[in-house]
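The following questions and answers set computed values against the definitions of the terms used. Please look at the sequence and the structure first.

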Amino acid sequence: MGKSRRTVPEELLLLALDPTTGTTAQPQTLDLGLAGAQLVELSLAGRIVPEGDRIAVVLARPTGDPTLDHALELLRRRGSPVRAAHWIGGPRLGLRQTYLAHLERCGMVTAVPGQVCGVLPTTRYQASDDCTNAAIKQRLDTAIRTGVPPDPRTAALAALAHSVGLGKHLYPGNEGRSSRSRLRDLIRYDPLGGMVAHAVMDVQNGLPTQQNRSSQGAGPAPVAGRAGSRTAGRGSGGRVPASRVGVR
C-alpha cells in the first residue's frame, strides 16, 4: 500500500484530535468508527468485498500497514464472511490507543506526557503537521459547501465521522447545524462507507438484526435514531445498500 496516502482510520483519528486539549473527541464511540474505517480501507485496497450484509476476504496479501494487516488476518481466520456489525462490535476495543501509537510511530502526531491535578500521569497528542489536518477537514468542507459528489474515500470518511458523532466537534453550535446535516447526507455517495457507518450506529444503539432481509426482497424496516438511512443507498451503482446492515 505504501504511505503516499493516509488511510481512512488515520484520517478519522486526526479529525477527532482536538488541537487545544490534545485528546480525541467522542472517545467512547471512536473505537467503533476506527474498526469500521479499517473495513473501508481494506475494501479500497481490494482485500475485502461486501456480500450482502457481510464482509468477505478476497485477497489475503498484506497491505504493508501493520494495523490493517492485523485486521485482515483476523478476518481471514474467520474462514467465512462476517457481518460488518459483528466485526465492528467485536473485541477490538482499544483501537483508538493503537492508532495513536501508530500515528506517533509514523510521525503524524507527537505524544506529550503530562499530569492530571499534578499527580496522575497522562499523555496528550499534538498533530505534527497542522496543514495535514486542515487539508482533511477542507475536503469535507468542500463537499458540504459545493454539493459536488466527493470521491469514495472522502464520502466514507464523512459517513464515519457522522456515525461516531464528530459532527458537533467539526461543526459546533447552532451555526454548524446545516453543515452537520450536510455531513450526514454525504453518506449517500459511498454505499460501502454508508453500510459500515450504519453498522457502527447499529452497534452503538444495540439494534437487533433482521436476518435474511436481502433474500426476502423487503425494504429496510424503519429504525429510530438511524439518521440518513433513507438516503444511504442511493446511487449505489450495484453495490450493497447501506441500510442492509444490522446486529444479530
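Q: What is the order of the strands in the open sheet of three strands, and which pairing does it have?
A: The order is β1-β2-β3, and the pairing is antiparallel. The model is a predicted one, in which local features need pLDDT of at least 70, side-chain atom pairs count only at pLDDT 80 or more, and totals for chains, interfaces and linings use all residues. Residues are numbered from 1 along each chain as its sequence is written, and side-chain values use heavy atoms, with hydrogens and water left out. Strands (E, at least two residues) and helices (H or I, at least four) are DSSP runs, numbered from the N terminus.

Q: What makes β1 and β3 the edge strands?
A: Each of them, β1 and β3 (82-83), pairs on one side only.

Q: Why are β1 and β2 said to pair?
A: Two strands pair if DSSP finds at least two bridges between them. Among the facing residues, Ile 48 stands opposite Val 57, Val 49 has Ala 56 as its bridge partner, and Pro 50 has Ile 55.

Q: How many residues lie between β1 and β2 in their hairpin?
A: There are two residues between these strands, and Gly 52 in the turn has a positive phi of about 65 degrees.

Q: Why do β2 and β3 also count as a pair?
A: The definition asks for at least two bridges, and β2 and β3 pair over two bridges in the antiparallel sense; therefore they qualify. In one of these bridges, Arg 54 has Arg 83 of β3 as its partner.

Q: Which helix packs on the sheet, and which strands does it touch?
A: Helix α3 (residues 66-78) packs there and touches β1, β2 and β3; its direction makes about 100 degrees with that of β2. Axes are lines fitted to C-alpha atoms, for helices over the stretch in contact, and angles run from 0 to 180 degrees between N-to-C directions.

Q: How are two packed helices described?
A: The description uses the angle between their axes and the distance between the axes. For α1 (residues 8-16) and α2 (residues 27-44), the axes come within 7 Å and cross at roughly 145 degrees.

Q: Why is Ala 158 called buried?
A: Buried means under 20% relative accessible area, exposed means over 50%, and partly exposed lies in between (1.4 Å probe, protein chains only). Ala 158 has 0% relative accessibility, so it counts as buried. This residue belongs to helix α7 (residues 152-163). Leaving aside its neighbours within four places in sequence, Ala 158 is in contact with Leu 140, Leu 183 and Leu 186. Ala 158 and Leu 12 are 146 residues apart in sequence, while their C-alpha atoms are 8.9 Å apart in space.

Q: How do you know that the buried residues of α5 are on the same side of that helix?
A: In α5 (residues 95-105), the buried residues are Leu 95, Tyr 99, Leu 100, His 102 and Leu 103. They cover an arc of only 160 degrees around the axis, which puts them on the same side of α5. The arc is that of the directions from the helix axis to the C-beta atoms.

Q: What percentage of the protein's 248 residues count as buried?
A: The value is 47%.

Terms used. Contact = heavy atoms within 4.5 Å.
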